[in-house]
Amino acid sequence: MKSILLVTLIFCLSYTTKADVLVDGYMVLTGQDTAACKIKLAGKKKVTGYYMLVIVTEDGQEKIYNAEDKLVQAYGFEYLGMKYDYRFVEIFKTYKSGFFRLIDDGKNYKLYVNMISDYSYPVATTEAHYAVFKPNGEYVDLTTFKLGNWRKNLRIILSDNPDALKAMESISSKEIPDFIKSLNKTE
């Protein structure tokens with residue numbers, strides 16, 4: 001009897017882990033049209049992630065938007081009481097372009113993040129890759145991974161703010177989110 005229960009439990013767990021997880025959300029297409037959609041977060045085959053947005057149409061068909069095609073500029077959804085907003089960020093060097101998650105929606109700067117993993121046998125490390133946007137749309141990406149030039153790029157976006165330039169010289173890459181939040185609190 002115990003073995004039957006165990007087999008049933010394993011079957012149920014394996015079946016539910018392959019179930020699609022869909023959430024109500026939105027996407028902003030390149031032409032700035034915003035559309036309501038069902039976003040696929042988990043399940044069989046392809047799911048939404050850094051390189052793609054997967055939606056399920058009203059007739060149950062999956063539609064995949066690859067980030068590199070630049071058809072989707074942003075998307076978002078709520079899941080388990082948390083709000084998630086993503087924006088396409090074009091990266092010109094080192095890494096591929098993709099969707100970054102908004103972590104600070106400030107009046108002076110918007111800060112987005114993507115976590116990048118690097119596998120150097122036998123160790124895997126994960127570091128933040130940020131994108132900082134000004135209200136006019138100008139942005140830079142800040143690669144904090146290994147030999148990333150995050151300070152150089154941060155100086156570019158802060159070039160019109162001498163106080164921020166001075167203050168940034170004393171921060172580490174781990175302090176970027178708090179630093180940007182502090183810049184958004186100042187007048």
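Modeller: On a 1 Å grid over the protein atoms alone, a pocket is an open set of points where a 1.4 Å probe fits, with protein on both sides within 12 Å along at least five of seven lines, and lining residues have an atom within 4 Å of a point. This is a predicted model, in which local features need pLDDT of at least 70, side-chain atom pairs count only at pLDDT 80 or more, and totals for chains, interfaces and linings use all residues. Residues are numbered from 1 along each chain as its sequence is written, and side-chain values use heavy atoms, without hydrogens and water.

Colleague: Which residues lie nearest the centre of the second largest pocket?

Modeller: They are Asn108, Tyr109, Asn161, Leu183 and Thr186, among 10 lining residues.

Colleague: Why is Asp141 called buried?

Modeller: Buried means under 20% relative accessible area (1.4 Å probe, protein chains only). Asp141 has 15% relative accessibility, so Asp141 counts as buried.

Colleague: What makes the pair Asp141 and His129 a polar contact?

Modeller: A polar contact is a pair of N or O atoms within 3.5 Å; within protein, one must be able to donate a hydrogen and the other to accept it, and residues adjacent in sequence count only if both atoms are side-chain atoms. The side chains of Asp141 and His129 are joined at 2.8 Å.

Colleague: Why is Phe145 called buried?

Modeller: Its relative accessible area is 7%, and therefore Phe145 is buried.

Colleague: Which residues does Phe145 touch, leaving out those up to four places away in sequence?

Modeller: With contact meaning heavy atoms within 4.5 Å, Phe145 touches Tyr95, Ile116, Asp118, Thr125, Thr126 and Glu127.

Conventions: Buried < 20%, exposed > 50% of the residue type's maximum accessible area, 1.4 Å probe, protein only.
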